[in-house]
Amino acid sequence: FRPFAAEKMVEALPASVKAIAVLDRTKEPGSLGEPLYEDVRTALGEVMSMDKSKFSSYPKVVGGRYGLGSAEFTPGMAKAVLDNLKNQSPKNHFTIGINDDVAFTSLDWDNSWSLESEKVHRALFYGLGSDGTVGANHNSIRIIGEATDNYAQGYFVYDSKKAGTMTTSLLRFGKQKIKSTYLIHKANFLACHKFSFLEKYDILDNLEQGGTFLLAAPFDKAHVWEQLPKRVQQHIIGKKLKFYVIDALSVAEKLGLGGRINTIMQTAFFKISGIIPEEEALKLINESIVHSYGKKGKEIVERNMKAVEAAAAHLEKVDYPASAASTQEMMPSVPGTAPAFVKDVLGEIIAGRGTELPVSKMPDDGTFPTGTTKYEKRNIAEYIPVWDPETCIQCGDCSAVCPHAVIRLKAYKPELLKNAPASFKSTGAKGKEFEGLKFTIQVAPEDCTGCATCVHVCPAFKKNEAGEKTDRKAINMEEQIPLRDQEVINWEFFLTLPQVDRSLLKLTTTKGTQFLEPLFEFSGACAGCGETPYVKLLSQLFGDRAIIANATGCSSIYGGNLPTTPYTARADGRGPAWSNSLFEDAAEFGLGMRLTSDKLSEYAGELVQRLIESKKCSVDTALLENIKANGQKTWEDIEKQRGLTDQLKKSIAACSCGECSELLSLTDHLIRRAVWVLGGDGWAYDIGYGGLDHVLATGRNVNVLVLDTEVYSNTGGQMSKATPVGAIAKFAAGGKSLRKKDLGLMCMSYGYVYVARIALGFNRTQTIKAFLEAESYNGPSIIIAYSHCINQGINMTRGLDQQKAAVTSGMWPLYRYNPELTAEGKNPLVMDSKEPTTEVADYIYKETRFKSLKEMNPARAETLLAQLKKDVDMQYKQYKYLAERPF
Ligand SMILES: Cc1ncc(C[n+]2csc(CCOP(=O)(O)OP(=O)(O)O)c2C)c(N)n1
Ligand code: SF4
Ligand code: SF4
Ligand code: SF4
């Protein structure tokens, strides 16, 4: 609004104006008012002082804040602002849209006050993140807007969780222009694309009397009614809704569409709503399928067209009784056992009522507790893994690859089973170190995303009576709903079992690491995400003393999206400290953490030394000497240091000398910390590269983990310098033509940076080794981790197969470059993968990002494949040469 044309603004105001309310979406604490309010007042004052005004007296002018934090601004709020102006002394510096019960600045408003026209169709669609609902509604708007004389409007609300979250599509259609720039509060059509939403969200509250309700459910019209919570039945009966059901998921699965029920639900919507004659609507949907999926290949187009036919055949109208007999109540958004803050604040935000929370409920300093994803209980999996103890070989692979830390193992004393629930499974623990112990693999049923990665990777097949291998494994996906109640009880019991003593574990093995408690759990990443297993492993190995600087990207979103965070703490409260600064400055942010931590521990060490030397207070000198002498090289040493510092805390708390008082706030800094910087390839290869390079060059002990999805994943798949030749990405619509940057090689050139390239899907032991070496190296280290991702267009259950194929085809060679080896006269570069044994084409053409280029432009795809093969060959020779160089 600046430069602000003062005279023009005043000129535009009619002479009859008596009062003005200036609304600003800004909060400028400390100023007299928000910027626009100040400019309006100054403009009026200046014009009036020049006697140029048409007003006889200075109008009343008040200012207020609205829409902060993207809060809604509704007709009811606009009315409240105008009503305020009518008062003799209107409230100034007000807020609208929040309930300010601390400074009492807010105006009251009536949410039910509506300006909606009865002639406008208002439709609400509740979808599951990444089920395609939003994309389908984009198409519906286009179809209706282009094929009819209706005006069309669409708005989409989604939170930042990548999967399993609710997306809301708000669509308006009508013959008259649509000017409503606010959400739909009462719709005449409502579709719920995920049955479990009905248990958690009171969505039918948003449907008006006589409206139409379309539900995707795993039940037919004869059985769906009895599965509904009482509140839902009451809405349907009370509002006399027209109720339709469709088992969209089964239809999609039979057609090979997985969980993508969008086309089916879109067809059902057109069939019921009658906005366009059915035959024409089906034709237009089919055309839009070609438009949307053409680039993804013929097969996907055909499957979706079959889905259109199937939808029309499977849609059923439900007749329902006159009274609600269900005994099922709606589920609370968080369990009743959750801490008060989680129930009163986080639970309300999770339930979608966050904007109704009064200001007094917000934490004074803005900090939110960690370890809160465990209260969300999202129940998004249709199927969950079920363990077969007899078949299991206890390898730990399922747990290692689970992107959501849902499947866990414990070994424990048999007597602890005394109070176990009847359905709790256990068997004898395998391995010498666990002799005499029992072993259990347990799934958190309500936190599982149903990605089936664990089942796919499980190497143990059940044998039949003849001793032949069957297609059943040691874990198998089974329907979640019938298992839920029983497994919730089993999970809760499992949590009461103690963690395995870390000193018993071989931490260089997959199995060993998987007994460690993950301190990163149930994140909102996409089901089957390739990034999160690395973050989880990091949290298992070093979480109790890690400080994490996170670049913006998927990892910052699933790492800390309000209101919950997956970073958690072990029973004694120790867990990772985590923060996200910006996209571009994560390395520098992490370096700052390192320098601060080092400075504080150096100072704490100085104080310990001073106490040793001065002998003036009663602190035990032997204790101080032990603390000083502990090099904290091993985990045991670190735990010992924790015990010693606990003793020290008690001892110095009783002393009032200057050193002791100062040391009291610094004792935690006597414990060795692991600083980790996390981010994606967009950050590390491109936008944050300058900072990353600078930080590595400082030689300080900072560990970097690059989660390389080969695109900017969080923002929908833009090309980065990590994108390989031949892959289609945003900004590389014709397939990338230039070679992937070799970030690892660039970092190796320093000679004093530890560098590793890893792929969990190919070699888990090498992955673990790289983490342990990087952390123990007293200098900068960088690990570049192949991370499969939905943006690559793959079957996410088989993401680890793609990781493996990337390595065996030579596209992603594995290595570790450890500068410490040079001191021993050895070559620092160790190759962990061999000469390519499989074809590049076999790897890439399982991914839509490469496949679609082949379909769109076969000649270019062939040229780029030839180039890719040449690059792969050269890359292998280059690494082989470096790894075999005499030292
Ligand atoms: C300076 C800046 N530019 C753009 C963005 C928007 N943005 C947020 S995350 C992201 C992509 C991150 O990609 P990447 O680093 O590869 O991580 P990934 O999401 O793949 O894990 C972008 C472009 C931003 N936050 N800051
Ligand atoms: S199905 Fe996916 S989320 Fe569930 S336990 Fe297996 S790997 Fe974890
Ligand atoms: S991957 Fe299979 S065999 Fe291995 S521990 Fe898990 S269930 Fe058992
Ligand atoms: S990295 Fe890919 S798969 Fe993982 S959360 Fe981001 S978009 Fe989803």
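**Entry 1**

My classes count Ala, Val, Leu, Ile, Met, Phe, Trp, Tyr, Cys and Pro as nonpolar, Asp, Glu, Lys and Arg as charged, and the others, Gly among them, as polar. A residue is near a molecule or strand here if one of its heavy atoms lies within 4 Å of it.

A note to myself before going on: this is a predicted model, where local features need pLDDT of at least 70 and side-chain atom pairs count only at pLDDT 80 or more, while totals for chains, interfaces and linings use all residues. Residues are numbered from 1 along each chain as its sequence is written, chains are lettered from A and ligands numbered from 1 in the order in which they are written, and side-chain values use heavy atoms, with hydrogens and water left out.

**Entry 2: around ligand 3**

Next I looked at ligand 3, which has 13 residues around it. The closest are Cys392, Cys395, Gly396, Cys398 and Cys458. By class, this shell splits into 10 nonpolar, 2 polar and 1 charged.

**Entry 3: aromatic rings**

How many aromatic pairs does a search of the whole structure find? I got 28. Rings of Phe, Tyr and Trp (its six-membered ring) pair if their centres lie within 6.5 Å; planes under 30 degrees apart count as stacked, over 60 as edge-to-face and the rest as tilted.

I picked out Phe424 and Phe493: their ring centres are 4.9 Å apart and their planes stand at 80°, so I noted the pair as edge-to-face. Phe424 is in the loop between β12 (407-412) and β13 (427-428), and Phe493 is in helix α14 (residues 480-496), so the pair ties together parts that are 69 residues apart in sequence. Helices (H or I, at least four residues) and strands (E, at least two) are DSSP runs, numbered from the N terminus.

Tyr750 and Tyr752 make a tilted pair, at 5.5 Å centre to centre with 50° between the planes. Tyr750 is partly exposed at 27% relative accessible area, and Tyr752 is partly exposed at 31%.

I also found one aromatic cluster made of Phe125, Phe173, Phe189, Phe269 and Phe270.

**Entry 4: charges over rings**

The charged end of Arg172 sits over the ring of Tyr182, 5.2 Å from its centre. The test asks for NZ of Lys or CZ of Arg within 6 Å of the ring centre and within 35 degrees of the ring normal.

**Entry 5: strand β4**

In β4 (residues 121-128), I found 7 of the 8 residues buried. Which strands join it? β4 runs antiparallel to β6 (residues 166-174), with 8 bridges, and Gly127 stands opposite Thr167 there. β4 runs parallel to β7 (residues 187-192), with 4 bridges, and Phe125 faces Ala191. Two strands pair if DSSP finds at least two bridges between them.

**Entry 6: Ser781**

Last, I checked Ser781 in strand β25 (residues 781-786). Ser781 is buried, at 1% relative accessibility.

How values were computed:
Buried means under 20% relative accessible area, exposed over 50%, partly exposed in between (1.4 Å probe, protein chains only).
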